[in-house]
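I opened my notebook today to look through one structure, step by step. Here is what I looked up, in the order I went.

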Amino acid sequence: MHSASQRRPLVAANWKMYKTVAETEDFLDRFLGSIGNLGEVDLVLCPPATALAAAVERTRRSPIRIAAQNVHEQEAGPFTGEISIPMLRELDVAGAVVGHSERRALFCETDEALARKVPALLSAELLPILCVGESEAERDAGETEAVLARQVDADLAAVPDPKLAGVVIAYEPIWAIGTGRTATTEQAQEAIALIRSRIAVRDSAVAARIRIVYGGSVKPGNAAGLFAQPDVDGGLVGGASLDPEDFLAICEAA
Ligand code: PEP
């Protein structure tokens, strides 16, 4: 229904709580030397907060954009341990992952908070990479479609339709994250098409333009098959993004 050619592929690396500043710089020294012909792909790297400034400096003259792994929606306040959007902008950070299943499960990130974070990022012209995805129990109970619809509706509720296309959605089935149990190409395509059709309920032109990527045990060996699916616009890569050669192979697959 929707042509993938309207959408530029995006591959993002989620480093989670891995890599110090020195390790980040070492990765970038090795990775930057080898990305010559990746001009057709948007590359985003999400290091831990402590390495954001160094990553931005190291990638200034490169096509890579640096994003955070979380952000708070308030500009400032008594929120111990949190980082605000103006703080990210001061570092020239380009966006943030929000709603990662680890943050939802381990750090109580709610759909209500996400409904504030996503529009706050867009207002500041930062790229929100919004993660959604069902648990294994929800999939087994036949609830995948309902879970995805609920998350997409709730998390994007406060984003005006014309701005929706500025969001990147990452479909990350929880059972596939860090488990080595990648979704099949059919499962990834089916779920991402469901998400796209949910966006189409609001605005079909936006649905054709919004980028929706797959995440969950993407590796060099399975990336090309996943990214070749008509609705899959790239990937959000955890474990395999920690190695510059593996991550490069995944970017090349896009
Ligand atoms: C992630 O953390 O977003 C992720 C997809 O992890 P992995 O690739 O390791 O499954």
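How far does a polar side-chain atom of E172 lie from an oxygen atom of the ligand, and what is that distance in Å? I looked it up and found 2.8 Å. A reminder to myself: this is a predicted model.

**Entry 1, the ligand.** I stayed with the ligand and asked what surrounds it. I found 14 residues around the ligand, and the closest are K16, E172, G178, S217 and G239. For K16, I noted a polar side-chain atom 2.6 Å from an oxygen atom of the ligand. With G238 I had to look at the backbone instead: a backbone N or O atom of G238 lies 2.8 Å from an oxygen atom of the ligand. Next I checked how covered the ligand is. Taken alone, the ligand exposes 290 Å², and the protein buries 97% of that.

**Entry 2, the barrel.** I then followed the strands. I traced 8 of them in a closed barrel, in the order β1-β2-β3-β4-β5-β6-β7-β8, with parallel pairing. On average, neighbouring strands of this sheet are turned by 25° against each other, direction ignored.

I saw helix α8 (residues 185–202) lying across β5, β6 and β7 (211–215), and α8 runs at about 140° to β6. My last stop was α5 (residues 111–123) and α7 (residues 144–155), which pack at an angle of about 50° with their axes 8 Å apart. The two helices α5 and α7 are therefore oblique to each other. Where they touch, D111, L114, A115 and V118 in α5 meet R150, Q151, A154 and D155 in α7.

Technical notes:
Residues are numbered from 1 along each chain as its sequence is written. This is a predicted model: local features need pLDDT of at least 70, side-chain atom pairs count only at pLDDT 80 or more; totals for chains, interfaces and linings use all residues. Side-chain values use heavy atoms; hydrogens and water are left out. Two strands pair if DSSP finds at least two bridges between them. Helices (H or I, at least four residues) and strands (E, at least two) are DSSP runs, numbered from the N terminus. Axes are lines fitted to C-alpha atoms, for helices over the stretch in contact, and angles run from 0 to 180 degrees between N-to-C directions. Contact means heavy atoms within 4.5 Å. A residue is near a molecule or strand if one of its heavy atoms lies within 4 Å of it. A polar contact is a pair of N or O atoms within 3.5 Å; within protein, one must be able to donate a hydrogen and the other to accept it, and residues adjacent in sequence count only if both atoms are side-chain atoms. Accessible areas come from the Shrake-Rupley method with a 1.4 Å probe; for residues, only the protein chains shown count as cover. Angles under 35 degrees count as roughly parallel, over 145 as roughly antiparallel, 65 to 115 as roughly perpendicular and the rest as oblique.
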